[in-house]
Amino acid sequence: MADLRRHHGGRMTSTNTRLIALNTAFVAATVWAWHMGYVQFAFNGDQSRVSYVIAAIVAIGVVLAALDRKAHLLRSAWLCEVLGFVGTLVGITAGLAGADLSTSEGLIAAGNALYAGMGTAFCSTLVGVAGMLWLWAVAQVVGVGEAK
């Protein structure tokens, strides 16, 4: 906070105030989701563990933006979305791995395995989209990606 005030004549700028408000809202939503069990569900359902990488990217991105290092924000938001999609592919691939489709029992087993793999697929996508939205919103507040 002292650095923010020093760079702006001893007062906080409108952008800093909006950035604090935005991140406070996202943190409050995350705490609420944690309390409701949604965060645990998403991270436990992602067997690929891509969600942890996405969470780390979001945390680092938000901290760097608060330190006025913001050129990375849109690329980081895009990376969160791509990693969520990679988790989707991993989940579907894991669900179909070793499937024996030559018999009806094998087909049923493959369907059950694919259904189990969808947890990874959808959970990683959910975390990726949430991370992308958070970083994109931060980028909009700090003016990254605006037309010059």
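Among contacts in the chain between residues at least 6 apart in sequence, what percentage join residues at least 24 apart? The figure is 70%, where contact means heavy atoms within 4.5 Å.

Before the details, the basis. This is a predicted model, in which local features need pLDDT of at least 70 and side-chain atom pairs count only at pLDDT 80 or more, while totals for chains, interfaces and linings use all residues. Residues are numbered from 1 along each chain as its sequence is written, and side-chain values use heavy atoms, with hydrogens and water left out.

Start with the overall layout. The chain has 6 helices and 0 strands, and its pattern along the sequence reads α-α-α-α-α-α. Helices here are DSSP runs of H or I with at least four residues, strands are runs of E with at least two, and numbering goes from the N terminus. Of the 148 residues, 33% count as buried. For that term, buried is under 20% relative accessible area, exposed is over 50%, and partly exposed is in between, with a 1.4 Å probe and protein chains only. The chain exposes about 9200 Å², and carbon and sulfur atoms supply 69% of that area. Those areas come from the Shrake-Rupley method with a 1.4 Å probe, and for residues only the protein chains shown count as cover.

Next, the helix pairs. Helix H2, residues 14-36, and helix H3, residues 38-45, have axes that come within 4 Å and cross at roughly 80 degrees. H2 is therefore roughly perpendicular to H3. The axes are lines fitted to C-alpha atoms, for helices over the stretch in contact, with angles from 0 to 180 degrees between N-to-C directions. On the naming of angles, under 35 degrees is roughly parallel, over 145 roughly antiparallel, 65 to 115 roughly perpendicular, and the rest oblique. On the H2 side the contact is made by Thr30, Trp32, Ala33, Trp34 and Met36, and on the H3 side by Tyr38, Val39 and Gln40. By class, these residues are 6 nonpolar, 2 polar and no charged. In that scheme Ala, Val, Leu, Ile, Met, Phe, Trp, Tyr, Cys and Pro are nonpolar, Asp, Glu, Lys and Arg are charged, and the others, Gly among them, are polar.

The second pair is H4 and H5. Their axes come within 9 Å and cross at roughly 170 degrees, so H4 and H5 are roughly antiparallel to each other. From H4, the residues in the contact are Val50, Val53, Ile54, Ile57, Val58, Gly61 and Ala65, and they meet Leu73, Ser76, Leu79, Cys80, Leu83, Gly84 and Gly87 of H5. This contact has 10 nonpolar, 4 polar and no charged residues.

Now the core. Which residues have the most contacts inside the largest nonpolar core? They are Ile54, Val58, Val62, Leu73, Cys80, Leu135 and Val138, in a core of 26 residues. A nonpolar core is a set of buried Ala, Val, Leu, Ile, Met, Phe, Trp, Tyr and Cys residues joined through side-chain atoms within 4.5 Å. H2, H3, H4 (50-66), H5 (73-96) and H6 each give two or more residues to this core, and the largest share, 9 residues, comes from H6.

Two H5 residues can be read against that. Not counting residues up to four places away in sequence, cysteine 80 touches Ile54, Ile57, Val58, Gly128, Gly131, Met132 and Leu135. Serine 76, also found in helix H5, counts as buried at 13% relative accessibility. Leaving aside neighbours within four places in sequence, serine 76 is in contact with Ile57 and Leu135.

On to H6, residues 104-142, which holds glycine 117. Is glycine 117 buried or exposed? Glycine 117 is buried, with a relative accessible area of 8%. Beyond neighbours within four places in sequence, glycine 117 is in contact with Gly91, Ile92 and Gly95. Its C-alpha atom is 9.1 Å from that of glycine 45, 72 residues apart along the chain. Alanine 116 is in helix H6 too, but counts as exposed at 57% relative accessibility.

Last, two loop residues with positive phi. Arginine 49, in the loop between H3 and H4, has phi near 65 degrees and counts as partly exposed at 39% relative accessibility. Aspartate 68, in the loop between H4 and H5, also has phi near 65 degrees, and counts as exposed at 55%.
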